[in-house]
Amino acid sequence: MGKVELRVDQDPAHVRVVRLVSTAVGRMAGLGDEALDEVRLGVSEACGLAIDALDAAGSDAPMSLEFDDTTGLRVTVRTPAALPERQQVPVPADPATEDTPHTAHVLLDRLALIEGLIDDVDVESGPDGSSLTMRWKAGVGAAPRP
Amino acid sequence: MDLSLDTREQAGCTVIEVGGEIDVYTAPKLRECIVDLVNRGNYHLVVDMEDVEFLDSTGLGVLVGGLKRVRAHDGSLRLVCTQERLLKIFRITGLTKVFAIFDTVDTAVAEQPA
């Protein structure tokens with residue numbers, strides 16, 4: 001298939017559209033169900049990051065996405081704004097849990113979730129903005145052939 | 001699929017049945033639902049996520065916000081979830097230490113304080 005490019009307004013309602021496109025491209029790239037779940041979540045979080053970045057910068061510029069299934073699947077999300085700083089959030093822990101009786105620090109920021117979920121992630125920042133690239137190998141997450 | 005929300009009472013708890021996709025666009029609806037319930041004095045909540053098809057960090061943030069809200073009233077917010085793709089997200093973020101997660105609504109409700 002090669003490359004597919006999208007330019008999307010920074011409207012949260014459009015993130016679902018991007019997810020649908022991502023799923024279709026990932027399926028055409030031969031990814032399995034587990035990897036497709038990662039694609040959906042990774043792309044959704046990356047779009048959320050881009051929206052947060054553009055919002056913080058007061059920019060109404062669109063974000064852009066590039067899908068490339070030449071070897072596996074590569075998805076790059078670009079924004080002209082800088083990505084937000086990551087943060088850990090203190091949360092009251094469930095008293096029933098053994099190791100954190102009072103407070104747990106959870107990774108609620110989008111980039112931490114992306115990096116926790118996906119093995120191959122690159123984040124780049126420069127004077128022209130930021131980009132986040134995620135890669136999956138072909139056949140990853142697919143059920144083994146009988 | 002858009003987000004669907006249904007609430008009902010069961011054994012002194014308020015069960016929120018959530019269906020569809022919880023993302024940056026739909027999560028505010030879930031937040032409004034939880035805030036509204038707490039404002040009306042419902043402090044023991046069970047969020048049934050068995051029909052949730054997608055969950056992102058915005059949705060997680062809403063659940064954490066709901067937990068903080070009910071804890072301020074000595075309440076509880078428990079989750080019902082058996083879907084591995086969602087449980088994986090809770091594990092990555094460390095939220096399995098924060099939420100009590102049950103297999104069924106009945107077991108979640110049974111754990112509620114009287």
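Predicted model: local features only at pLDDT ≥ 70, side-chain atom pairs only at ≥ 80, totals over all residues.
Visitor: Which residues of α1(A) are buried?

Guide: Here one looks for residues under 20% relative accessible area. In α1(A) these are A:Val15, A:Val18, A:Arg19, A:Ser22, A:Thr23, A:Val25 and A:Gly26. They pack against β1 (3–8), α2 (33–56), β2 (63–68) and β3 (73–79) of chain A, and also against β2 (13–22) and β3 (44–55) of chain B.

Visitor: Why does A:Ser22 count as buried?

Guide: Because its relative accessibility is 0%. A:Ser22 sits in helix α1 of chain A, and leaving aside residues up to four places away in sequence, A:Ser22 touches A:Val39, A:Val43 and A:Phe67.

Visitor: What comes after α1(A)?

Guide: A:Gly30 follows, with a positive phi near 90 degrees.

Visitor: At what angle do α2(A) and helix α3 of chain B pack?

Guide: For a helix pair, take the angle and the axis distance together. α2(A) and α3(B) (residues 84–93) pack at about 55 degrees, with axes 11 Å apart. That angle makes α2(A) oblique to α3(B), and the crossing is right-handed.

Visitor: Which residues make the contact?

Guide: From α2(A) come A:Glu34, A:Asp37, A:Glu38, A:Arg40 and A:Leu41, and from α3(B) come B:Arg85, B:Lys88 and B:Ile89. Of these contact residues, six are charged, two are nonpolar and none is polar.

Terms used
Residues numbered from 1 in each chain as written. Chains lettered and ligands numbered in written order. Heavy atoms only, no water. Buried < 20%, exposed > 50% of the residue type's maximum accessible area, 1.4 Å probe, protein only. Helix = DSSP H or I, 4+ residues; strand = E, 2+ residues; numbered from the N terminus. Contact = heavy atoms within 4.5 Å. Axes fitted to C-alpha atoms, helices over the stretch in contact; angles between N-to-C directions. Parallel < 35°, antiparallel > 145°, perpendicular 65-115°, else oblique. Left-handed = near helix turned anticlockwise from the far one by under 90°. Nonpolar A, V, L, I, M, F, W, Y, C, P; charged D, E, K, R; others polar.
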